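Good morning, and thank you for coming.

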Amino acid sequence: MRKIMVIFIGCILLGLLITGCQSDEQSELIDPIENVESEVIIELEEEIPIEPVPAPVVQEAVPAPIKTESTTAFELHILDIGMGDSALIKTQRGTNILYNCGRTEDAENIITYLNKQGVTKIDALIVSHDSREVVGGCSEVMKNFEIGKVYTNGKAGNSQEFGRFEYQAIGIGLQRVAGAQRIVLDEDLVTIFYTAFVKGGTQMLHVWDESLVLWIGYDDVSFLLPGHCRGGCEKRIMGIEEDLEADVLWLGDHGHRDATTYEFIDAVKPNIAIISSGIDGNPLRLPHAETLDRLHGESARVYRTDTSGNIVITT
């Protein structure tokens, strides 16, 4: 029976002053485990228990070895870079896929992490949308690694960060995705791109709702990476694709209350939910308590980078 391993690689949290979204509403933020370097491995059977499991409490700091080459068939790394977003996908064939590059100030940490993972070429770089939290670090990342293919949503960006990324990506061969497309990134993977942005159609009100969503299937395990997709985007994606079920869901927009709606959770039916978040540059105090309540109500196991550091799922 196939097992999924969830590995938490804790790291010393960096204090970064970052300007994020602003809101008058505040919600409770669980205090993270600070200054801990550790590795916790959880093996989950294919039939995952339905009881929600709290984030593990680390009793002692144990040095965590970082692999330099893949010894597993599939790995999903959710990087602990605070309020930036970045995920590395590694396959047994040696394919490396990077989904988003965090903020400009996250680039050095991302590059260091990729180097320690033995990455020399990024076969596919995917940028979900025009937001400094996902595209800011791409320019430096693209300077430090050979890039195979580059994908983003179908809409041209307006920010300086996206402009720098776009200028470099066009020289490589930028592919813009609209609607739903199945694109082969690795022979062992099923990869489907979805975006609520449709050229010539009704446009979404907010840039985050135009996120390029990635669904990945490997053997009998599936993953959904929705960028910063919130309720409006989720509704349109559900209208495009009826079957969005995924074992692992990386929450949209750091667990914002307007994302990961009840309807979306019901459509995806995740067993594991991962949240990227941080302390500094987080005026909204994400993830919101409402989102966590929805996940626990649906019996999904919740893991967070602000309490556990880098999160690695292997099959």
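R285 lies in the loop between strand 14 and helix 7; helices (H or I, at least four residues) and strands (E, at least two) are DSSP runs, numbered from the N terminus. This is a predicted model, in which local features need pLDDT of at least 70 and side-chain atom pairs count only at pLDDT 80 or more, while totals for chains, interfaces and linings use all residues. Residues are numbered from 1 along each chain as its sequence is written, and side-chain values use heavy atoms, with hydrogens and water left out.

R285 has a phi near 55 degrees, a positive value in a residue other than glycine.

As background, an α-helix has 3.6 residues a turn, so residues three or four places apart point the same way. What covers the buried residues? Just after helix 7, S299 takes a positive phi of about 65 degrees.

Another positive phi is found at D253, near 50 degrees, again in a residue other than glycine. D253 lies in the loop between strand 13 (248-250) and helix 6. With a relative accessibility of 3%, D253 counts as buried.

Let me now turn to the chain as a whole. It has eight helices and 16 strands, and 56% of its 315 residues count as buried. Among contacts (heavy atoms within 4.5 Å) with a separation of 6 or more, 71% are between residues 24 or more positions apart. The accessible surface comes to about 13,700 Å², and carbon and sulfur atoms hold 48% of it; these areas come from the Shrake-Rupley method with a 1.4 Å probe, and for residues only the protein chains shown count as cover.

Next, the interior. A nonpolar core is a set of buried Ala, Val, Leu, Ile, Met, Phe, Trp, Tyr and Cys residues joined through side-chain atoms within 4.5 Å. The largest such core has 30 residues, and L76, I126, Y151, F193, F223 and L225 touch the most other members. Strand 11 (residues 212-218) gives the most to this core, with four residues. A second, separate core of 26 residues includes L88, I122, V127 and F162.

T195 is found in strand 10, residues 189-195, and counts as buried because its relative accessibility is 0%. Which atom does its side chain reach? The side chain of T195 reaches the backbone oxygen of E210 at 3.4 Å, a polar contact being a pair of N or O atoms within 3.5 Å; within protein, one must be able to donate a hydrogen and the other to accept it, and residues adjacent in sequence count only if both atoms are side-chain atoms. Leaving aside neighbours within four places in sequence, the residues in contact with T195 include N153, V177, S211 and I240.

H77 is found in strand 3, residues 74-78, and is buried, with a relative accessible area of 1%. The side chains of H77 and E75 make a polar contact at 2.7 Å. Not counting residues up to four places away in sequence, H77 touches S86, L88, Y113 and I311, among others.

N310, finally, lies in strand 16, residues 310-314, and is buried, with a relative accessible area of 10%. Its side chain reaches the backbone nitrogen of D80 at 2.6 Å. N310 and I81 are 229 residues apart along the chain, yet their C-alpha atoms are separated by 8.4 Å.

Thank you for your attention.

Key:
Buried < 20%, exposed > 50% of the residue type's maximum accessible area, 1.4 Å probe, protein only.
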